[in-house]
Amino acid sequence: MKTVDRFILHTARVLFLGLALASGGLRAHAAEVTVAVAANFAAPMQQLSQAFERATGHRVRAAVGATGALVAQVRHGAPFHVLLLADDRSAALLEADGLAVPGTRFVYATGRLVLWSAERALVDLQGRVLGTPATAVSTGAQPTLRLAVANPKTAPYGAAALQTLERLGVAARWRPHLVQGENIAQAHQFIASRNAALGFVARSQVMPDGRLTQGSAWLVPAHLHDPLRQEAVLLRKGEHDPAARALLAFLKTEEARAIMRAYGYEP
Amino acid sequence: MSPESWQAIVLTLKLATLTTVLLLVLATPLAWWLAHRRSAWRAAVSAVVTLPLVLPPSVLGFYLLVALGPQGPLGQFTQAMGWGVMSFTFTGLLIGSVIFSLPFAVQPIQNAFEALGTRPLEVAATLRASPLDAFFTVALPQARTGLLTAAVLSFAHTVGEFGVVLMIGGNIPGQTRTVSTQIYGHVEAMEYAQAHALAAGMLAFSFAVLLALAFLRRPLSRGAA
């Protein structure tokens, strides 16, 4: 029995030492940053993470969701270090409530809204499709006309979509046809799966390098909605994480801005 | 409570009621078949019926969205029939709920039929009851606890459904916005007072259902004792 005990103790010690060495070794070189990203920015963030990891050796873990949802999560103790939002209001509110570090927020990108359809000929380049009576739109294979938007209560891109419909004077006409995605990624998925004939998405989702990958689209003129100025902020939980500050600094570099520009964001 | 909340409650109750009725009609013959057939298909059918119990709602929701969509098999069928596309409609939600709650309806009924055995039916047959006659006058009344349990569970499970609704509903007030997704919307928009009102109601409802279920099952065991 004794030898068995000793063996177990020895094994445990070796394991513990190994773990301590491994984690200590990693920590000495690189830190990890947990960043919560608004859904419209998911694709560029992936590329930015890779570039950031290459440049600094730090590691990035990203959680994606609607801006409103992410803010609600932060208010309930989510372990995020950095927030990349889709609006320029939420970060200030978090700062006022002591959840974000004052003086760290800045606009990292300005996004653009796109009216998009997976069908090739549905959306014209002037967006006149919105002006036609909804029932008269040629919807290809789909008799039940659906216009997908992100939930305007939680997603700034959803709010911008409704503003656009209102400023065009067609909001009442389209209201019966609206379906809401929980965030802009789900709105995109509704359209991509053709369950919705068309809808409002972020430019970065359908024009990853400036060109439309599929279907037809109208780049909504920026004056039709409040600007989608997207703020980043350092959260209290990331205050002492070197990787968190490094990531925010990295977003301001020319390398990062080039990636964002490629996705259609205006820095 | 806001009119929107009431709308969600009414819609949820309507969805749960229709789902329960449809499920009782579909699940009873299915349970009968599963309880009495010894065919090679039985195991496969039984597994398919149980699938919604173990699959994450995201898988069900995703495949429903694909299947109901204009290019999916169900979507092609509904369009060919001139019904249009079912995603983001109440009917689509109903289809999803029936599939999602199928095991909750089939299993209690199947258990009841299995506990019944073949003997009462054989006796009925010697008394010159036709098989259909025996089914309606002997098997169904004997299996009533199973049927009631199935109804209560189907109803409650549909009321508590969330993931599938989130994925195929599109959050349309009065059509696909149920209480569970309404609560989620309130929480995400940080409207905690409204979320609380609905969530507390949901909690009370679920407790009442389980309590009713416990009472429902008690007389039987007492009778046996």
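This is a predicted model: local features need pLDDT of at least 70, side-chain atom pairs count only at pLDDT 80 or more; totals for chains, interfaces and linings use all residues.
In which hand does H1(B) pass H5(B)?

**Stop 1: two helices of chain B.** Select residues 3-36 of chain B, which form helix H1, together with residues 90-116 of chain B, which form helix H5. The crossing of H1(B) past H5(B) is right-handed. Their axes lie 7 Å apart and the helices pack at an angle of about 45°, which means that H1(B) is oblique to H5(B). Colouring the contact of H1(B) with H5(B) by residue class shows 19 nonpolar residues, five polar and one charged.

**Stop 2: two helices of chain A.** Next, select helix H2 (residues 42-56) and helix H10 (residues 254-262) of chain A. Here the axes cross at roughly 155° and come within 10 Å; H2(A) is therefore roughly antiparallel to H10(A). This crossing of H2(A) and H10(A) is right-handed. Display the side chains of A:Pro44, A:Gln47, A:Leu48 and A:Ala51 in H2(A), which meet A:Glu255, A:Ala256, A:Ile259 and A:Met260 in H10(A). By class, the residues of this contact comprise six nonpolar, one polar and one charged.

**Stop 3: where the chains meet.** Finally, show both chains: 19 residues from chain A and 19 residues from chain B make up the contact. On the side of chain B that touches chain A, select helix H3 (57-68) and helix H10 (179-188) of chain B, the elements that give two or more residues. H10(B) gives the most to that side, with three residues. The residues on this side of chain B divide into 10 nonpolar, eight polar and one charged.

How values were computed:
Residues are numbered from 1 along each chain as its sequence is written. Chains are lettered from A and ligands numbered from 1 in the order in which they are written. Two residues are in contact if their C-beta atoms, placed from the backbone, lie within 7 Å. Helices (H or I, at least four residues) and strands (E, at least two) are DSSP runs, numbered from the N terminus. Ala, Val, Leu, Ile, Met, Phe, Trp, Tyr, Cys and Pro count as nonpolar, Asp, Glu, Lys and Arg as charged, and the others, Gly among them, as polar. Axes are lines fitted to C-alpha atoms, for helices over the stretch in contact, and angles run from 0 to 180 degrees between N-to-C directions. Angles under 35 degrees count as roughly parallel, over 145 as roughly antiparallel, 65 to 115 as roughly perpendicular and the rest as oblique. A crossing is left-handed if the near helix is turned anticlockwise from the far one by less than a right angle, and right-handed if clockwise.
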